[in-house]
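Student: I have a model open and would like to go through it piece by piece. Can we start with the terms?

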Amino acid sequence: MTTKFARILDNDIYTRKAVAEAQVTFKEYCIVKATPAGSGQVELAFKIDAAHEDKAQKIVLEFLNYTLDRSIQLDLEGAE
């Protein structure tokens with residue numbers, strides 16, 4: 001069985017580039033499909049790898065944390 005989660009993010013906070021980088025970084029643990037979810041939003045659909053299902057919630061939270069951190073880094077780099 002594979003665990004699935006979905007979250008909606010605001011593109012003003014979570015950049016597309018950061019989401020794309022997180023998708024690559026977390027590919028061993030999950031597949032994340034990003035689809036537009038309205039004006040300035042994206043829906044992330046998480047499909048957790050069966051080998052890591054026992055850590056599914058942690059993986060999703062770490063993915064979101066990584067994405068937020070990377071978004072901030074990219075914003076600061078752009079401000080320099």
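Tutor: Helices (H or I, at least four residues) and strands (E, at least two) are DSSP runs, numbered from the N terminus. This is a predicted model, in which local features need pLDDT of at least 70 and side-chain atom pairs count only at pLDDT 80 or more, while totals for chains, interfaces and linings use all residues. Residues are numbered from 1 along each chain as its sequence is written, and side-chain values use heavy atoms, with hydrogens and water left out.

Student: Where is alanine 34 found, then?

Tutor: Alanine 34 belongs to strand S2.

Student: Buried, exposed or partly exposed?

Tutor: Alanine 34 counts as partly exposed because its relative accessibility is 37%. The cut-offs are under 20% relative accessible area for buried and over 50% for exposed, with partly exposed in between (1.4 Å probe, protein chains only).

Student: What is alanine 34 in contact with?

Tutor: Contact means heavy atoms within 4.5 Å. Neighbours within four places in sequence aside, alanine 34 is in contact with Gln23, Val42, Glu43 and Leu44. As for glycine 78, 44 residues apart from alanine 34 along the chain, the C-alpha atoms of the two are separated by 24 Å.

Student: On to the sheet. What is the strand order?

Tutor: The order is S1-S3-S2 in an open sheet of three strands, with antiparallel pairing. Strand S1 (4-10) and strand S2 (30-36) each have a single partner strand and stand at the edges, so one side of each lacks a neighbour in the sheet. Two strands pair if DSSP finds at least two bridges between them.

Student: How many bridges between S2 and S3?

Tutor: Seven, in the antiparallel sense, with strand S3 covering residues 41-48. Lysine 33 has alanine 45 in S3 as its bridge partner, and isoleucine 31 stands opposite lysine 47 in S3.

Student: Next, the core. Which residues touch the most other members?

Tutor: In the largest nonpolar core, which has 16 residues, they are Cys30, Leu44, Phe46, Ile48, Phe63 and Leu64. Helix H1 (16-25), S2, S3 and helix H2 (56-79) each supply at least two residues of this core, and H2 gives the largest share, five residues. Such a core is a set of buried Ala, Val, Leu, Ile, Met, Phe, Trp, Tyr and Cys residues joined through side-chain atoms within 4.5 Å.

Student: How many aromatic pairs?

Tutor: Rings of Phe, Tyr and Trp (its six-membered ring) pair if their centres lie within 6.5 Å; planes under 30 degrees apart count as stacked, over 60 as edge-to-face and the rest as tilted. By this rule there are four aromatic pairs. One of them is phenylalanine 26 with phenylalanine 63, edge-to-face at 5.4 Å centre to centre and 65° between the planes. This pair links the loop between H1 and S2 to helix H2, 37 residues apart.

Student: Are phenylalanine 26 and phenylalanine 63 buried or exposed?

Tutor: Both are buried. Phenylalanine 46 and phenylalanine 63 also form an edge-to-face pair, at 5.1 Å centre to centre and 90° between the planes. Phenylalanine 46 lies in strand S3 and phenylalanine 63 in helix H2, so this pair ties together parts 17 residues apart in sequence.

Student: Which residues do the ring pairs link into a cluster?

Tutor: Phe26, Tyr29, Phe46, Phe63 and Tyr66.
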